[in-house]
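The following exercises ask the reader to work through selected features of one structure. Each task is followed by a solution in steps.

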Amino acid sequence: MAAKPNPIPSVWTRQREPEPPALSRAAIVREAITMLDADGVEALSMRKLGAALNAGATSLYRHVATKDELMELAVDEVVAEITVPPASSPDWRAAAAETARSFRATALRHPWLASVLGQAGLAYLGPNLMSLSERLAALFTTAGFPDPGGAIDVVLSYVIGMSTTEAAWLTTVARSGETEAGFIARLMPAAQQAAAGYDYLNEAYAAGPSMPDPAEVRDTKFANGLEVILDGLALRLER
């Protein structure tokens, strides 16, 4: 007798049971996102979540079978915050840039997001991620890209990579209890000392405390890199 195939471990492939009115999946996900934003992925557990909701583990597991399923749901929920201009936008490049900025802003509001996108099981089957993919595909297809999936991958890989690093940095700053400018000012002497034996790095760190606003520096760095990505896509489109 042939063995039955094992079920695919994803919230999007599991039969959903009716929800009692006292505790809903939506309420569970909202509280999980609040906890993730405050303390990160490692600090989240089903036990802590149940305590925050005044619910036992049994009640939670009726809606979400595992923490992995919970992460799939949380990822899909916050992805709904990302805006994508309509495919009919007259300037595909401006529309792609707006999407990239919105994705980055969402990733910085939820610092855990970018780092778990590739780990959250079959999160891409979620309705909000499906909608995001569909709208991006429509945008790049309408713009004339013969391989819209390739264009999407290039833009999102850049945004996710930059956002992961940026969110990690901002999390470190937040844990210090200081402002970003104050944290950098305190770190600067050690950084200058470490760079002393390297010509180019020494010059870069020489500005010290007179460096411009760090948030503006991050914004400019992201914008400059995005321009390079879009320049490359524009050249491919012309060919």
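**Exercises on a predicted model**

Leu 108 is found in helix α5. The model is a predicted one.

**Exercise 1.** Classify Leu 108 as buried, partly exposed or exposed, and list its contacts beyond its neighbours within four places in sequence.

*Solution.* Step 1: the relative accessibility of Leu 108 is 23%. Step 2: buried requires under 20% and exposed requires over 50%. Step 3: Leu 108 therefore counts as partly exposed. Step 4: with its neighbours within four places in sequence left aside, Leu 108 is in contact with Ser 163, Glu 166, Ala 167, Leu 170 and Arg 218. Step 5: a separation can also be stated for Leu 108 and Tyr 198, which are 90 residues apart in sequence and 32 Å apart in space, C-alpha to C-alpha.

**Exercise 2.** Determine whether Thr 99 is buried or exposed, and identify the backbone oxygen that lies 3.0 Å from a polar atom of its side chain.

*Solution.* Step 1: Thr 99 belongs to helix α5, which covers residues 92-109. Step 2: its relative accessible area is 3%, so Thr 99 is buried. Step 3: the backbone oxygen in question is that of Ala 95. Step 4: apart from neighbours within four places in sequence, Thr 99 contacts Ile 82, Thr 83, Val 84, Pro 85 and Leu 136.

**Exercise 3.** State how many aromatic pairs a search of the whole structure finds, and characterise the pairs that involve Trp 92.

*Solution.* Step 4: Trp 92 counts as buried because its relative accessibility is 15%, and Phe 140 counts as buried at 2%. Step 5: the rings of Trp 92 and Phe 145 have centres 5.0 Å apart and planes at 85°, so this pair is edge-to-face. Step 6: Phe 145 lies in the loop between α7 and α8 (148-176) and Trp 92 in helix α5, so the pair ties together parts 53 residues apart in sequence. Step 7: both Trp 92 and Phe 145 are buried. Step 8: Trp 92, Phe 140 and Phe 145 make up one aromatic cluster.

**Exercise 4.** Describe how α7 and α8 pack, and name the residues that make the contact.

*Solution.* Step 1: the two helices, α7 and α8, pack at an angle of about 115°, and their axes are 9 Å apart. Step 2: the crossing of α7 and α8 is right-handed. Step 3: α7 contributes Ser 133, Leu 136, Ala 137, Phe 140 and Thr 141 to the contact. Step 4: α8 contributes Pro 148, Ala 151, Ile 152, Val 155 and Leu 156.

Note on methods. Residues numbered from 1 in each chain as written. Predicted model: local features only at pLDDT ≥ 70, side-chain atom pairs only at ≥ 80, totals over all residues. Heavy atoms only, no water. Helix = DSSP H or I, 4+ residues; strand = E, 2+ residues; numbered from the N terminus. Buried < 20%, exposed > 50% of the residue type's maximum accessible area, 1.4 Å probe, protein only. Polar contact = N/O pair within 3.5 Å; in protein donor to acceptor, adjacent residues only side chain to side chain. Contact = heavy atoms within 4.5 Å. Phe/Tyr/Trp six-rings, centres within 6.5 Å; stacked < 30°, edge-to-face > 60°. Axes fitted to C-alpha atoms, helices over the stretch in contact; angles between N-to-C directions. Left-handed = near helix turned anticlockwise from the far one by under 90°.
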